[in-house]
Amino acid sequence: MHGLSRLSNGASSVSPPSSPRHRVSRGKGTTSPAGGCDGGAKNFRGGGVGRAEMKNAAERFRYFLISALYRKRGVLLFAPLLYIAGMLMYMGTMGFNAMSSVGGGDAVGPGSMYRSPEVFEKLWPFMEAESNNRTSNLLSNVWNPKMKQGWKPCIKQTVSQPELSQSNGFLIIEANGGLNQQRISICDAVAVAGLLNATLVIPIFHLNSVWQDSSKFGDIFDEEFFIYALRNHVNVIRKLPEEILEQYDNNISNIVNLRVKAWSSPSYYLQKVLPKLLEWKAVRIAPFSNRLAHAVPPYLQGLRCLCNFEALRFSEPIRMLAAKMVDRMVTNSSKSGGRYVSVHLRFEEDMVAFSCCIYDGGEEEKHDMDIVRERSWRGKFRRRGRVIRPGANRVDGKCPLTPLEVGMMLRGMGFDNTTSLYVAAGKIYKVEKHMAPLKQMFPGLETKDTLASIEELAPFTGHSSRLAALDYTVCLHSEVFVTTQGGNFPHFLVGHRRYFYEGHSKTIKPDKRKLAQLFDKPSIRWQDFKRQLQDMLHHNDVKGIELRKSSSSLYMYPMPDCMCRKMDAKVEYSNTTKTT
């Protein structure tokens with residue numbers, strides 16, 4: 001007998017969070033029109049005759065409008081148009097500062113200009129003097145032990161399940177995007193397969209036009225371990241059985257592709273997908289990115305936890321090289337007891353271009369960014385009426401931090417020049433220029449290209465997801481992780497670190513609005529600079545442990561769905577290991 005589903009009913013879908021991708025601000029100018037309110041009011045001042053005429057005219061117009069609406073109610077159909085016209089007239093009086101190109105004069109006060117090089121020039125001597133006089137390394141006590149609340153993994157309690165019943169059919173999904181976007185698709189597919197009591201076929205990876213990585217599932221993740229880790233909860237097979245393929249002329253593309261809307265609830269799958277699965281014995285969902293709501297019943301959350309934190313282990317070639325790289329970072333960090341800092345630096349050419357922020361490259365930088373924007377987004381930033389305000393973007397904390405700014409922030413927090421620093425990044429824009437000051441502040445800086453040899457990296461070259469997996473592992477094991485611009489990489493990594501470090505993310509997520517103000521003060525005193533950044537570090541320590549809210553992702557907030565307090569944990573999950 002077939003088990004129709006693992007749940008009698010599903011949880012209703014909640015609204016998804018805003019996309020992790022930063023969009024260009026469409027801010028509006030605040031300049032008042034010429035003359036202002038006072039100037040306009042002067043036209044209505046004078047003798048009583050003028051006021052009476054205006055009053056009579058207004059009354060006549062009001063009477064006419066009401067009469068027309070009363071006699072011809074069809075005019076009400078035009079009410080929306082009248083409202084829009086009125087709003088446009090009103091906005092026209094506000095004097096919008098719309099600019100069609102990047103770089104217009106939109107200075108909006110403190111924090112709107114990139115003055116970080118000036119601040120660095122002023123503070124560098126103080127940084128050097130303090131490093132020479134320091135007797136202890138901040139890495140030995142960067143996180144307050146009192147902040148730990150003793151959380152531990154307890155997935156087995158969440159997903160404990162009787163023996164699997166006979167499968168209702170086969171589920172084929174296509175995972176798109178980069179490494180961590182693929183993780184979302186895979187784990188959501190495991191949850192959906194559990195919900196529908198379906199057999200999951202190892203996910204197909206779509207060749208993304210941006211990432212250009214032809215890697216298959218087994219090139220990035222340990223396929224055999226994935227199947228083994230899920231064996232008691234979801235059936236997983238490498239490929240469809242021959243008898244099923246023959247029904248579709250040995251072509252998976254012939255299997256009906258169900259178009260599932262984003263953030264669908266479990267009830268949607270039970271009502272719309274399960275009947276098709278029972279009828280056809282195989283269904284395909286492509287694409288399968290963000291196709292399951294955040295808020296689902298505990299059992300499905302448990303399957304997500306099991307998939308992400310336990311079953312998705314990197315493939316052996318990735319694990320082997322990543323382990324060597326971690327060992328080398330630990331060896332290089334002998335002055336701090338083997339502890340090091342990792343930074344996810346997002347200052348690639350396309351990231352800088354998309355942000356529409358202005359740095360210190362002048363006309364050459366503007367020319368470079370215009371080319372990148374046109375190549376990657378084809379006219380998106382040249383549309384009529386497009387408002388681009390680089391200064392407002394910076395004040396709002398939307399500009400990618402430069403390597404210089406990351407270094408200044410860390411030095412201000414108390415990390416001295418003996419700190420070992422690992423930088424996870426793509427190709428940095430004008431790498432020699434921008435990385436030089438960071439190396440000046442942290443001579444022990446490493447990247448995957450300096451930590452591993454050309455021969456060791458050769459099997460991964462040209463495969464962005466495999467290279468990202470190396471960065472991911474080295475960052476996972478660092479004592480401090482610094483995220484600078486958001487995205488799926490830190491989203492998953494912060495959650496993974498919480499899972500492995502007793503619920504504390506040990507992560508610095510800087511307040512970039514405050515940094516914009518701080519880096520726009522060339523006259524700031526070193527002590528004031530340090531105080532503000534050390535306050536920011538303390539705030540990150542306090543925020544290291546956070547419970548998941550109903551609309552949040554458990555991949556970033558694994559408590560309490562995937563973890564429980566040690567005093568409450570009755571079952572140890574012995575498979576838990578830091579090796580991914």
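Is C475 buried or exposed? C475 is buried, at a relative accessible area of 0%. Here buried means under 20% relative accessible area, exposed over 50%, and partly exposed in between (1.4 Å probe, protein chains only). C307 likewise counts as buried, because its relative accessible area is 0%.

The model is predicted: local features need pLDDT of at least 70, side-chain atom pairs count only at pLDDT 80 or more, and totals for chains, interfaces and linings use all residues. Residues are numbered from 1 along each chain as its sequence is written, and side-chain values use heavy atoms, with hydrogens and water left out.

Three disulfides are present in the structure. A disulfide is taken as a pair of cysteine sulfur atoms within 2.5 Å. With the bonded cysteines of the protein numbered in sequence order, the pairing reads 1-6, 2-5, 3-4.

Helices (H or I, at least four residues) and strands (E, at least two) are DSSP runs, numbered from the N terminus. Both C154 and C564 are buried.

Another disulfide is formed by C305 and C562, whose sulfur atoms lie 1.8 Å apart. The link of C305 and C562 is left-handed, with -70° about the S-S bond. This pair, too, joins distant parts of the chain, 257 residues apart. C305 is in helix α11 (residues 298-311). C562 is in the loop between α23 (526-542) and β12. C305 is buried, as is C562.

The remaining disulfide to describe is that of C357 and C399, with sulfur atoms 2.0 Å apart. The torsion about its S-S bond is about -95°, so the disulfide of C357 and C399 is left-handed. C357 lies in the loop between α13 (349-355) and α14 (362-377). C399 lies in the loop between α15 (390-395) and α16 (403-413). The pair therefore ties together parts that are 42 residues apart in sequence. C357 counts as buried because its relative accessibility is 4%. C399 is also buried, at 4% relative accessibility.
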